[in-house]
Structures are given as C-alpha cells and as structure tokens.
There are 2 protein chains.
Amino acid sequence: MVVDEFTDADVDAIFRALADSTRRDIVTRVMNDGISVSRLASRYEMSFAAVQKHVAVLQAAGLVSKHRSGREQIVRGDVTTIHRIQELLSYFEDVWRKRALRMGDVLNDDNRENR
Amino acid sequence: MVVDEFTDADVDAIFRALADSTRRDIVTRVMNDGISVSRLASRYEMSFAAVQKHVAVLQAAGLVSKHRSGREQIVRGDVTTIHRIQELLSYFEDVWRKRALRMGDVLNDDNRENR
DNA sequence: GTAATCTACAACCAAATGGTTGTAGATGAA
DNA sequence: TTCATCTACAACCATTTGGTTGTAGATTAC
C-alpha cells in the first residue's frame with residue numbers, strides 16, 4: 001500500500017477511474033453541487049446507461065457518492081475521499097521529486113542544468 | 001486537454017499507466033538510477049515479456065524512457081515528463097480544492113459541448 | 001568460432017472495459 | 001389513475017488489458 005489509508009487496490013481504482021476524460025469531467029462537474037444522473041447524462045453524447053456506469057466506477061473508487069432525492073439520484077464529489085486523494089497525489093509528487101533530486105546529486109551539474 | 005501540454009489522450013495514458021501497482025513500483029524504482037529490463041523483470045513474479053509490456057505502457061505514457069547499453073536496455077524515469085506530471089497532479093489538486101470557484105473556466109477544454 | 005544473455009515481437013488467451021439496447025420498478029405530475 | 005421521468009440492471013458486443021509461451025535477432029563471454 002502506498003499511503004496509510006489506501007490499499008494498492010484502492011490506488012488502482014482511483015487512477016483507473018481518472019483515466020477517462022468523461023469521468024474526469026464528471027468529477028469536476030459534481031464538485032460544485034450535486035447533479036442528478038440523468039441531468040449529467042444529458043451532457044454527454046452517450047447513453048444514460050453508459051454515464052450510469054461511469055458514475056459507478058467513480059463511486060467504487062470513492063470519488064463521488066450518490067444520494068436519493070425523490071426519483072432522482074444526486075451525484076456529488078465525495079469531499080473526504082477527494083481530500084485523501086489529494087494527499088495521495090502529493091505523496092507521488094514527493095516520491096518522484098525526492099528521487100529525482102537524489103539522482104541529480106549523483107549526476108554532475110551539467111546534467112542538472114540541462115533541463 | 002487539461003494542462004496546456006497534455007491532450008486528453010495523454011492524461012488518459014498517464015493515469016492508466018499509474019493504475020497498476022507493478023507499474024507504480026517500476027516508476028519509483030527507476031527514478032533512482034536506470035535499471036535494465038531483465039534486472040527489473042527479475043524482481044517481479046511474472047514473465048520477462050510481461051514486465052516488458054509494463055515498461056512499454058509507461059514509456060507510451062512518457063513516464064520512463066529506455067536507452068541501449070550494450071545488449072541491455074536501460075529504463076529510467078523521464079525527469080522532464082515526471083515534472084510535467086507533477087504539475088498535472090497539482091492541477092487536479094487545485095481544481096478539487098477550489099471547487100467553490102466556477103468550474104467552467106477551469107475545465108472548459110476537457111468538456112464535451114452540452115446540449 | 002560457440003554458448004549464454006538480453007531484448008523484441010508475434011500469437012494466443014481470459015478477463016476487464018466501455019459501449020449498446022431492452023426491460024422493469026419507483027416516483028412525480030396531471 | 002394514467003402517463004412521463006428517473007433509475008437499476010441484465011444481456012450482449014467489440015476492444016483493450018495483462019498475462020502467457022515461443023521464436024528470432026543482437027550482443028557479450030568463453
């Protein structure tokens with residue numbers, strides 16, 4: 001596991017969920033305020049069922065949650081998980097940056113400045 | 001596209017490449033110093049060809065590069081792309097954190113047109 | 001030279017993915 | 001009640017993914 005709270009499978013699911021532009025779009029859309037699945041679906045050129053599946057993938061990854069409101073199902077960004085994912089992304093930034101720096105130490109200055 | 005330099009397909013490939021614990025492990029391993037594909041393969045319980053494919057996925061996403069050294073192929077973290085990906089991850093952190101702001105401005109490029 | 005090692009790549013396979021259509025159950029509106 | 005809307009979910013399909021084995025080409029070691 002990478003960060004305390006996440007298992008490898010969790011991280012897989014999160015990155016997997018983000019590896020689709022429609023799903024990335026959905027996540028940012030529902031961060032403002034909740035949007036019903038049907039309203040969401042009307043904005044994409046695919047079937048309602050397809051959007052339903054995308055939402056399910058995001059939900060399984062913990063990026064969004066759903067709650068009923070009458071006959072509608074409201075999708076919204078799951079703030080707590082989003083925050084944990086921010087930490088996850090920061091973690092990877094850290095690992096890469098530190099490792100890259102360590103590699104820079106090994107190399108000479110010319111190589112460092114080549115970028 | 002989400003960040004200037006990346007197309008949607010680029011971002012797809014990057015997140016997709018990271019959605020596998022073996023590949024995440026490879027990325028962090030080769031950040032220190034380059035490792036040959038065979039040496040890399042010896043550390044995982046899968047065939048050489050399988051590791052070869054994982055490296056190919058990472059390479060296609062721009063996360064690592066390969067260069068020949070004799071009969072070996074050395075895999076190393078592509079520092080410039082890694083840096084751009086750090087910016088990408090920061091971008092998503094920003095978008096999510098500032099979710100109270102108008103979303104249309106932030107993600108217009110990523111949007112399909114509504115009807 | 002021959003043998004061992006490293007890589008590339010094709011062919012194949014099972015499972016997952018991303019889409020579709022169709023059917024059925026709740027719920028709200030008239 | 002009746003009808004329209006929203007959702008859930010199954011079945012199906014094509015493509016991709018992640019793995020395998022096998023073969024062949026370079027390169028190094030002896």
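Angles between element axes under 35 degrees count as roughly parallel, over 145 as roughly antiparallel, 65 to 115 as roughly perpendicular and the rest as oblique. The axes are lines fitted to C-alpha atoms, for helices over the stretch in contact, and angles run from 0 to 180 degrees between N-to-C directions. In this predicted model, local features need pLDDT of at least 70 and side-chain atom pairs count only at pLDDT 80 or more, while totals for chains, interfaces and linings use all residues. Residues are numbered from 1 along each chain as its sequence is written, and chains are lettered from A and ligands numbered from 1 in the order in which they are written.

Chain A has six helices and three strands. Helices (H or I, at least four residues) and strands (E, at least two) are DSSP runs, numbered from the N terminus. The order from the N terminus is α-α-β-α-α-β-β-α-α. Chain A has 115 residues, of which 30% count as buried. A residue is buried if 20 or more other C-beta atoms lie within 10 Å of its own, exposed if 12 or fewer, and partly exposed in between; C-beta atoms are placed from the backbone. Two residues are in contact if their C-beta atoms lie within 7 Å. Among contacts in chain A with a separation of 6 or more, 54% join residues 24 or more positions apart.

Helices α2(A) and α4(A) pack at about 70 degrees, with axes 10 Å apart. They are therefore roughly perpendicular to each other. From α2(A), the contact uses A:Thr22, A:Arg23, A:Ile26 and A:Val27. From α4(A), it uses A:His54, A:Val55, A:Val57 and A:Leu58. Five of these residues are nonpolar, two polar and one charged. Here Ala, Val, Leu, Ile, Met, Phe, Trp, Tyr, Cys and Pro count as nonpolar, Asp, Glu, Lys and Arg as charged, and the others, Gly among them, as polar.

A:Arg23 lies in helix α2 of chain A. The residue is buried, with 23 other C-beta atoms within 10 Å. Leaving out residues up to four places away in sequence, A:Arg23 touches A:Ala17, A:Leu18, A:His54, A:Val57 and A:Leu58. A:Arg23 and A:Val57 are 34 residues apart along the chain, yet their C-alpha atoms are separated by 8.5 Å.

The largest nonpolar core has 48 residues. Such a core is a set of buried Ala, Val, Leu, Ile, Met, Phe, Trp, Tyr and Cys residues joined through C-beta atoms within 7 Å. The residues with the most contacts inside it are A:Ile14, A:Phe15, A:Leu58, B:Ile14, B:Phe15 and B:Leu58. Two or more residues come from each of α1, α2, α4 and α5 of chain A and α1, α2, α4 and α5 of chain B. Beyond four places in sequence, B:Leu58 contacts B:Ala17, B:Arg23, B:Ile26, B:Val27, B:Leu63 and B:Val64.

DNA strand D is surrounded by 21 residues. A residue is near a strand if its C-beta atom lies within 6 Å of it. The closest are A:Ser38, B:Ser47, B:Ala49, B:Ala50 and B:Gly70. α4(B) gives the most to this surface, with five residues. Around DNA strand C there are also 21 residues, and A:Ser47, A:Ala49, A:Ala50, A:Gly70 and B:Ser38 come nearest. There the largest share, five residues, comes from α4(A). The surface near DNA strand C has seven nonpolar, eight polar and six charged residues.
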